[in-house]
Amino acid sequence: MSNSNTIEWSQVIGLLQDILNINEVQSLDSLLVKEKSTNEQKDQVKLLELLERIQSNDNNTSAFQSVDDDEQIETSLRLLQDHLQNIIKSQKLLDSMTLKLAKIIETSFITQSQTNIYKNSNSNSNSNSNSNSSSSSSSSNNSNSSSNVNANGKQYWTSAYNPVGLIPLHSEVAYKPKQKNSVDEEWFQCIVIKISNDGLKYEVQDPEPDEMGNSGKIFKCNWKEIIPIPSSRVKSSMKPYPMGTKVLARYPETTTFYPAVVSRENRKDTKICKLRFDGEEEVNKETEVDRRFVLPFPTISAFPVNNAKRS
């Protein structure tokens, strides 16, 4: 497990402990226990007895004649309010824990996908080499062809907020497939598996397997159809986007990128961006996205390499 995942797991365990601590202070189960010594526990017993009286007597007001109504109602409301606050706090902690678990799963999935693609690439290379070993001229041609494949490709869309420079093999990119008669073309996450000699043409692979469990689909594209995703190593040094910047961001728990706007400039935690996605059903919904999956939007916050100074 990577160091980042180890940290995330530690935080998840800490959140679970926080939930346990909250409910130890004001246990939701303690209402079921009738023999307690403290005043608070006695109040809880009284509340349980009152609720039993209400249930057994329905609208019969005589059920309240043996207790001080005002004091009992006040005690009941206080206890119920305490439990409501417990539920609210626990729900917030569970939401945070869910996000961290999703991040751990996502990181593990991407790492495994990159490893599989790398192994497949090496396997195909070795297979081609062995099948052509009987012909010296054919082997020579294959060797020359293999050595001409660049280790790094060129970047077309540039921005001060995404200063990648070169695009190496096995790196992550956002790819926009060509779709006829489509205005709202989506970008989705892929991995670079091949680069042309001039560094302008690529083959990228969808990291997600198809419905049959086979390796993800491979696409051929040019440098204008991809945007590099910064590696996790440089995430902490990336510039924060100003509020109102148009971006292309990966929606949580998916591999698809959608247009969004930076809703708040976050200088304290540069690893997270607060965004409002275009077309979100909930009005003014603010979503937190990992900074490295928030890319500059082509022609608005990113520009072709020759116009890089404009960004």
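A residue is buried when its relative accessible area is under 20%, exposed when over 50%, and partly exposed in between (1.4 Å probe, protein chains only). By that rule Thr 287, at 10% relative accessibility, counts as buried.

This is a predicted model, in which local features need pLDDT of at least 70 and side-chain atom pairs count only at pLDDT 80 or more, while totals for chains, interfaces and linings use all residues. Residues are numbered from 1 along each chain as its sequence is written, and side-chain values use heavy atoms, with hydrogens and water left out.

Start with confidence. pLDDT is the predictor's confidence in each residue, from 0 to 100. The chain averages 74, and 62% of the residues score at least 70. Residues 132-149 fall below 50. Residues 30-37 also stay under 50. Where pLDDT is low, the predicted coordinates should not be read in detail.

Now the interior. A nonpolar core is a set of buried Ala, Val, Leu, Ile, Met, Phe, Trp, Tyr and Cys residues joined through side-chain atoms within 4.5 Å. The largest one has 36 residues. Tyr 175, Val 204 and Phe 257 are among those with the most contacts inside it. Strand β5 (residues 187-195) gives the largest share, five residues. Strands (E, at least two residues) and helices (H or I, at least four) are DSSP runs, numbered from the N terminus.

Contact means heavy atoms within 4.5 Å. Leaving out residues up to four places away in sequence, Val 204 touches Val 173, Tyr 175, Ile 191 and Phe 219, among others. Gln 205 sits in strand β6 (residues 201-205). Gln 205 is buried, at 8% relative accessibility. A polar atom of its side chain lies 2.9 Å from the backbone oxygen of Gly 216.

Next, charge. Side chains of opposite charge can pair when their charged atoms come close. A salt bridge puts a side-chain nitrogen of Lys or Arg within 4 Å of a carboxyl oxygen of Asp or Glu. The structure holds four. In one of them, Glu 172 pairs with Arg 292, with the closest N and O atoms 3.1 Å apart. This pair links parts of the chain 120 residues apart. Both Glu 172 and Arg 292 are buried.

Return to strand β12 (residues 287-290), where Thr 287 lies. Glu 288 forms a salt bridge with Lys 274, at 2.5 Å between the closest N and O atoms. Glu 288 lies in β12 and Lys 274 in β11, so the pair ties together parts 14 residues apart in sequence. Lys 274 is buried, at 15%, whereas Glu 288 is partly exposed, at 46%.

Terms used. A polar contact is a pair of N or O atoms within 3.5 Å; within protein, one must be able to donate a hydrogen and the other to accept it, and residues adjacent in sequence count only if both atoms are side-chain atoms.
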